[in-house]
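Colleague: I would like to go through the charged pairs and the confidence of this model. Please set each label against its definition.

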Amino acid sequence: MGKLTSAAGFIALLDEPDTELKSYALEQLNALVGQFWAEIADSVYYHLGELDESLSFALGADTLFDINSKDEYVETIIAAKCIDRYIELRNADDKTVAEIDPRMETVVDRMLERCYRDGEYRQAIGIALEAQRIDVIENAVKKGSKKELLAYVLECSLTIVQNLSFRNKVLLLLVDLYAGLEEPDYISASQCFLYLNDPVHSAELLLRLLSKDEYHALLAYQIAFDLEANASQEFISNVVNALPPDPTAGATSSSVPTDSAATEAADPSAMETETPAEPAAEPTAADASATSLNPSDSALSKVHQILSRDVSVRLHLEFLSRNNRSDLLILKNTKDALETRGSVFHQAVTVSNALMHAGTTSDEFLRQNLQWLARANNWTKFIATAGLGVIHKGQISRGRALLGPYLPREGVSGSAYSEGGALFALGLIHANHGNDEVVNYISGILSGTQSEIIQHGACLGLGVAAMASAKEETYNSLKNVLFTDSAVAGEAAGLAMGLIHLGSANSEVLNDMLQYAHETQHEKIIRGLATGIALLMYGQEEKADILIETLSTDKDPILRYSCMYTVALAYSGTGNNKAVKRLLHVAVSDVNDEVRRAAVTALGFVLSRTPSQVPRVVQLLAESYNPHVRQGATLALGIACAGTALPDALRLLEPMAERDPADFVRQGALVAMGMILVQQNDTACPAADRARRLFERIVADRREEHLAIFGAALAQGVIDAGGRNATISLRGHAGVQNMAAVAGMAVFCQFWHWYPYTLFLSLAFTPTAMIGLNKNLEVC
């Protein structure tokens with residue numbers, strides 16, 4: 001008889017039903033316990049439910065522990081205990097990582113080898129991502145199907161990995177692996193550079209592609225389009241600065257009419273223009289001169305054109321203008337039902353019209369109802385004028401000409417509300433595309449006026465136009481307004497300061513804003529700064545944790561409210577478990593209703609990448625006794641599930657919209673329904689038809705509460721956004737978080753306090769068009 005090398009055979013007999021076999025197994029194990037004690041004790045502790053002790057003996061068994069076995073015992077010890085414990089230790093601090101038992105590391109490595117042998121590369125990558133093992137990720141990708149696994153790693157690193165530092169290491173690894181492919185994946189590599197906030201290497205990648213053949217030049221164009229759609233103004237500016245100058249810059253600047261030149265010819269009839277002044281396909285001087293350039297210079301010029309954002313803005317403007325399918329009868333019926341019922345409803349119809357015609361350049365409804373429009377006064381007039389900026393959003397070359405009759409003019413005394421609204425409108429037209437000329441123009445008016453209403457509009461316009469540009473002069477102009485301690489102007493200045501430095505986490509700016517928030521006595525200014533502080537921390541994830549901890553313990557409920565939106569924006573789209581737990585805890589524990597409402601609303605931002613999870617997460621909150629919590633749940637559903645027509649979300653919202661006893665909860669539910677059903681037709685989605693009829697019924701009901709009517713009217717504009725050719729999305733087509741959309745949605749949520757903020761929702765609108773271009777950037 002050969003020498004025994006394991007007690008596994010006798011241990012297996014213990015599972016037999018026959019008592020004699022069990023007795024025989026115990027006798028033999030008793031004789032072998034001195035030799036195979038670790039293996040025997042391991043199994044005994046496992047069957048006793050003492051998994052920690054079982055793991056300890058399994059590690060002591062060393063190679064005698066057969067990880068290749070597929071039985072429940074091995075799977076439990078490996079999956080439930082050893083790997084989980086290993087991941088826990090690897091995610092602790094450096095000192096703990098150094099103290100990991102080498103035997104545990106050996107077992108995990110053996111398990112990974114088993115994954116390689118079985119072809120379970122994704123399983124190995126999953127373990128590696130959670131355990132922060134860069135070496136394992138690289139090995140798994142090289143052993144398996146590289147293209148498929150690289151896409152899997154990129155997706156998982158953005159959705160599963162919650163440590164920002166490790167995620168950046170993974171992205172750097174991916175860049176090297178993409179470059180090492182037989183046909184390098186340049187587009188995915190450019191995404192990695194964007195997440196790494198590395199404009200220099202993005203520019204180098206573009207230049208490398210432009211130096212190759214025509215196919216690679218086309219790839220460079222596509223990468224440039226992806227960058228202009230997803231990157232901040234500051235990032236794009238840095239990419240442009242790292243590229244060689246545009247070879248056709250002189251020709252372009254001498255022959256393309258500037259905004260100021262267009263303004264000189266402005267007259268009141270300009271407002272009646274429905275379409276862009278020049279045909280969208282008209283070739284520019286740059287296109288003409290490009291024919292005389294060598295191919296590489298011509299390609300470089302086109303990249304500059306794309307990064308200037310003029311190409312995409314022009315194409316989207318043409319698409320929305322030509323395909324406008326808005327139903328003016330809806331607006332007419334709403335106006336007729338609400339015409340004699342106060343300025344709040346006038347604002348509701350104005351905003352609904354602006355959102356319904358966002359980017360279409362169609363102001364037909366306003367021109368048909370000039371007498372009704374003339375009744376607007378004070379802030380209603382401000383919103384009506386600002387709404388023109390949403391309607392004409394993207395008319396960059398003619399913005400000042402279109403708004404000329406309303407903008408401040410030297411020697412002409414006009415309505416401060418119209419002038420302030422026009423400055424806000426000018427910012428909305430140039431939203432996230434503000435050139436120096438427009439920014440300097442608004443800054444000049446801001447510094448030269450003492451009217452707090454005009455300052456309010458100028459601050460909002462500056463914040464939108466120069467969003468994420470981090471321009472120091474613009475920031476200083478806003479700070480000067482803030483320090484005047486005017487409640488109306490200071491609120492807009494505090495918000496705009498956050499927009500200018502969106503996502504920068506600039507410590508100096510943060511200190512300025514926090515300090516003034518504690519010093520001022522004006523609640524409106526504190527609210528503006530609270531939102532601005534949250535915008536400052538966009539996308540910072542754990543880097544924002546120190547600020548979050550500080551704000552969460554502040555005695556001022558407005559700053560705790562700011563804390564909730566800081567969590568929302570810092571962790572937007574990450575699904576971070578820690579952030580979700582914090583928000584859920586505050587939602588049921590804070591003593592202030594507004595803070596609790598903000599905490600629930602913030603869940604929509606954090607979970608926006610996985611909308612199907614949100615109805616389950618907020619279901620109990622939607623049934624809360626506290627109406628503020630219920631209202632937060634409605635907005636969370638609207639934000640995360642926008643454009644999805646998700647049945648689970650609608651099942652929660654429909655009864656709240658019709659029967660909730662709190663009018664502001666019904667308002668939130670109605671707006672959220674409009675967001676979820678945006679661009680859904682009645683045939684494909686019967687819920688859209690039910691929603692439209694519900695909106696009409698509430699608007700026409702004179703016994704309905706004012707807030708619910710406002711919500712229904714607003715929802716009518718949202719559901720038909722952009723002439724029924726736009727949807728609401730916080731992510732770009734490549735899955736990248738859309739910074740402008742997230743910021744716009746966050747400010748929109750503040751309409752609870754200030755109705756002009758409703759217009760910020762237009763920043764989250766995305767035209768639903770697939771536009772194909774040829775190598776000359778002409779529509780195919």
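Colleague: Why does glutamate 658 count as partly exposed?

Modeller: Its relative accessibility is 44%. Buried means under 20% relative accessible area, exposed over 50%, and partly exposed in between (1.4 Å probe, protein chains only), so glutamate 658 at 44% counts as partly exposed. One caution: this is a predicted model, where local features need pLDDT of at least 70, side-chain atom pairs count only at pLDDT 80 or more, and totals for chains, interfaces and linings use all residues. Residues are numbered from 1 along each chain as its sequence is written, and side-chain values use heavy atoms, with hydrogens and water left out.

Colleague: What makes arginine 697 and glutamate 658 a salt bridge?

Modeller: The term requires a side-chain nitrogen of Lys or Arg within 4 Å of a carboxyl oxygen of Asp or Glu. Here the closest N and O atoms are 3.4 Å apart, so the pair qualifies. Arginine 697 lies in helix α42 (residues 686–700) and glutamate 658 in helix α40 (residues 647–659), so the pair ties together parts 39 residues apart in sequence. Helices here are DSSP runs (H or I, at least four residues), numbered from the N terminus.

Colleague: Which residue forms a salt bridge with glutamate 541?

Modeller: Arginine 167, with the closest N and O atoms 2.5 Å apart. Glutamate 541 is in the loop between α33 (523–536) and α34 (545–552), and arginine 167 is in helix α11 (residues 164–179), so this pair ties together parts that are 374 residues apart in sequence.

Colleague: Is arginine 167 buried or exposed?

Modeller: Buried, because its relative accessibility is 8%. Glutamate 541 is also called buried, at 6%.

Colleague: Where do lysine 332 and aspartate 336 lie?

Modeller: Both are in helix α21 (residues 328–338), four residues apart, about one turn of the helix. Lysine 332 is partly exposed at 42%, and aspartate 336 is partly exposed at 37%. The two belong to a network of salt bridges that links Lys332, Lys335, Asp336, Glu339 and Arg375.

Colleague: How many salt bridges does a search of the whole structure find?

Modeller: The search finds 33.

Colleague: What is the mean pLDDT of the chain?

Modeller: The mean is 84, and 84% of residues reach 70 or more; pLDDT is the predictor's confidence in each residue, from 0 to 100. Over residues 45–51 the pLDDT is below 50, and this stretch has 14 contacts (heavy atoms within 4.5 Å) beyond near neighbours in sequence. Residues 251–293 also stay under 50, with 67 contacts beyond four places in sequence.

How values were computed
Helices (H or I, at least four residues) and strands (E, at least two) are DSSP runs, numbered from the N terminus.
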